Structure formats: C-alpha cells, structure tokens
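Reader: I'm new to reading protein models. Could you walk me through one, a question at a time?

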Amino acid sequence: MNQKREEIAIAVENVSKIYKLYDKPMDRLKESLGLTKQKKYREHYALSDVSFHVKKGECLGIIGTNGSGKSTILKIITGVLNQTSGNVNVQGRISALLELGAGFNMEYTGMENIYLQGTMNGFSKQEIDARLQDILDFADIGDFVNQPCKTYSSGMFVRLAFSVAINIEPEILIVDEALSVGDVFFQAKCYHKFDEFKEMGKTIIFVSHDLSSIAKYCDRVVLLNKGTKLGEGSAKEMIDDFKRVLVGQYELPESKSENSLLNDADIQAAVKKDKVEEEKPKLLEYGTKSAVIEEIYITDDRGTRSTSIIKGSEFHIHMRVRFEENLPAPIFAFSIKNAKGTEITGTNTMFEKAFLEPVQAGVIKDITFTQKMSLQGGEYLLSFGVTGYEGNDFQVYHRLYDALDITVISDKNTVGYYDMNSAITVEDVVEKSNVIQYKKA
C-alpha cells in the first residue's frame, strides 16, 4: 500500500469490529449497570484487522461467504457503523446502494421521497429539480410516483430507490448486491448505468455473489472469510481462491472469535501438492485425491489432438481419471472461462444424466464430452473436476483450474460470448391491388 495519498479514494487500515454476545439479556443489563465484575459476554469479530486501499477511478470487488464481513465493512466505510478499532479515510461524496429504500418514508409519495433523499444527501431543491427527470425516467414507474410508497409493489419500490441513489452523481459508488433488483429489463439498465460510471472514472466498491459480474467489472478483488482478509489480487485469482473456500479446500487462518459459528477444524483442508515436472506449467489444483485426473486433452472433428478449434465444428474434451478409493457416484465436469476469468459455459455428468454409478478403487475411466463449438473467436481456458456427494456432503476429489487453453478460429464473430447461428431471410415487399405480396430477395 504505497500509493500516493492523493490517489487514494478510500483507505481502510487495520479495521476491526467486535460484537459482544450475551447468553442472557439479564447478563447485558447487569454489566451495563456495573452489577458484576465477571465477563458475561463472548467476543465475536465481525471484522479482524482488515486493511485495503481503493485508488481513485478503480473498481474494487469484495467477495466472501455469508457472514464474512462484506456488508459490515461497507457500513463502516459509509458511516452507518463505527469500527471498534482501526481507521477509515474517504475522499469524495459517496452514494451507497446497501439497503435500497433505507430512509424512505412509506407514508410519503415517491416524489416527496425523492426530495427527502436528495436533501439528506446535501442537495438543494434546485439541484434536485435538475436531476428529477433523469430519476423519473430511470425508475419508470409512471404516475405511481405521486402515490404513497406504501402502495408500491416491491419491484416498483426498489426501482425508485435505485434510481434516486444512482442519479445523485457521486464520486464514489458503493454497491452491495443491488444490481439484481427488478425484472431483467431493469437489471440491464442498472448494469448499463454501472458501465457508464466506470467509463466516467468513478471509484466503485462492488459486493456481489455473482462472480461473473465481479470478474467483468472489477480491477482488483478482496476476499474475506469470517471477518478476516484472506487475500487481495486479480479477480481471477481471488475467485479461484473463493471457490476453494466454498468446498473446504483452502487453509483458513485461525478465527479470533470465541463463538466461531463454524468449526475451523472441520472446514480447513490443506491443499495437497503433487510433484510436477519442471518443464510443465504449474497448475492450480486441489482436492482429496480420492480420484485423480491423470490426463486431459482436446480433439477436433477429425479426431486429431489440437488446442485450435474451428468455430462451428464438432470437438471433444477428454479426461482420464484414476480412482484411489471406492466412490458412490462421482461427477465429471468441465468449464470454460475467458481470459478475464468469467465462466462462460460448462457442464457435468450429473447435469447431463450421463453417469450416475459407483466406482471401485483401482478403476481408470476415460470421459469424453462432445459438442459443437459456438464460442466467438478468441482464447479461452478450460478447467476440470471430479466431485461427488457422500451422503449430504459435497466432496471435491480433484480439480484442475485453467488447465488447458483453447483457441477458437473464426471468420465471423457476432455480439457476446457465443454465436446464435441465426438463419436470416430478407424479402422484398410488393404491393398489388391493395394486396401485399412477398418476393424473396
């Protein structure tokens, strides 16, 4: 953290937030009245010594499981909560999309709430007037804006709340899972507005469980778990680490909380590292190794091994798996990402209902996925996995991240990630005696 101070929009330094948890309400009362000298509470670290900086014009993502402290750190940055220790310094006007509609008076009309929220954010009536039409156009709730908010549907309410928050021209935008409000059309508008903010060079902190959006928008990502910062780096690196946390294959630091809701010993698992030949690239892999992926490769429509596939042709993804233990129903999977780490597509044998059988130790199986290449021309990365359920517990036996690269060769790219392969007809319209006839071009 050696950035020049003038380049820093948000500085979070050694921030901790501790909550006192009491077994009985009476214990809290006794302590508040000074009637006991005994410690009647347990400390829970919602945040423990968390530090990071956000540069001006940067989009920082924060990811982690539920209860990791994501919302807590955002509330401290915006001043909703006070930290127990540490320092937070913010340079610039903040608009926070945390709890949409917080501060709205349900008895007031939508219009009255627009002016109420604008005033609370330090705007004069003239400044709110100047932004009013943009707010109304974005919310698109029509004449309901003149009705009390208590009469709104939940969708209408969040549309208005989002529109008010997004149109006050902040220097810093803080978004906590707020881009998923409303129907698909309104969500598209929200993401378009988000793109505009990025293009304008606004500073953004973005918290979301949508890892594709994190990979798409964020310049850097902070990974939190149970109040502790596990890492900070590129979206791709942190998303891969997060997935390891989710399946208990990340070596977690010891929690400071005396009342840790999860038993660290139950979910910590050291990542087993096999010896890799020096001339081969280092693979990101983990798992229990009850099953081991020994070989992976791609063949084209002629059956030739190749990492270059012509768009529109059939190709095959192969994996060879050796089983070290008896497994009840292993699942074989692959996924494809772009260079930014966004998962574009993938499947597994459970989704395809292709293999739902037990396998004995010592067996080796070859798995082949056959499909047509519809991705746009470019470079992609393939990841592989062997997982399964043992009772109700999900197990990762072996995963290989970004293990193969694949080049799609194309002389026709369309919009987006993949080609719809549309068939198009264009016809001339000929009018004769008030009867419209069609003639193919």
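Reader: How many residues of strand β6 are buried?

Author: Some ground rules before the count: this is a predicted model, where local features need pLDDT of at least 70, side-chain atom pairs count only at pLDDT 80 or more, and totals for chains, interfaces and linings use all residues. Residues are numbered from 1 along each chain as its sequence is written, and side-chain values use heavy atoms, with hydrogens and water left out. Strands are DSSP runs of E with at least two residues, numbered from the N terminus, and buried means under 20% relative accessible area, exposed over 50%, partly exposed in between (1.4 Å probe, protein chains only). Strand β6 covers residues 172-176 and is mostly covered, the buried count being 5 of 5.

Reader: Which residues of β6 are buried on each side?

Author: Both faces of β6 are covered.

Reader: Which residue in β7 is the bridge partner of Ile174?

Author: Two strands pair if DSSP finds at least two bridges between them. Strand β5 (residues 94-97) pairs with β6 in the parallel sense over 4 bridges, and there Ile94 stands opposite Ile172. Strand β7 (residues 203-207) also pairs with β6 in the parallel sense, over 5 bridges. In β7, the partner of Ile174 is Ile205.

Reader: Why is strand β8 described as largely enclosed?

Author: Residues pointing one way from β8 are Arg220, Val222 and Leu224, the other way Val221, Leu223 and Asn225, and all are buried. Strand β8 (residues 220-225) is largely enclosed by the rest of the structure because its buried count is 6 of 6.

Reader: Which residue in the turn between β8 and β9 has a positive phi?

Author: On one side, β8 runs parallel to strand β3 (residues 59-63), joined by 4 bridges, with Ile62 partnered by Val222. With strand β9 (residues 228-233), β8 pairs in the antiparallel sense over 5 bridges, and Leu224 has Lys229 as its partner. β8 and β9 form a hairpin with 2 residues between them, and the turn residue with a positive phi, about 50°, is Lys226.

Reader: Is Lys289 buried or exposed?

Author: Lys289 sits in the loop between β10 (284-286) and β11 (291-299). Its phi is positive, about 65°, although Lys289 is not a glycine. Most residues other than glycine have a negative phi. With a relative accessibility of 11%, Lys289 counts as buried.

Reader: What is the relative accessible area of Asn421?

Author: Look in the loop between β18 (393-409) and β19 (427-432) for Asn421. Here's another positive phi in a residue other than glycine, near 55°. Asn421 is partly exposed, and its relative accessible area is 44%.

Reader: Which side chain does the side chain of His53 make a polar contact with?

Author: His53 lies in strand β2 (residues 41-55) and is buried, at 6% relative accessible area. A polar contact is a pair of N or O atoms within 3.5 Å; within protein, one must be able to donate a hydrogen and the other to accept it, and residues adjacent in sequence count only if both atoms are side-chain atoms. At 3.4 Å, the partner side chain belongs to Glu13.

Reader: Is Leu356 buried or exposed?

Author: Leu356 belongs to the loop between β15 (343-348) and β16 (364-372). At 58% relative accessibility, Leu356 counts as exposed.
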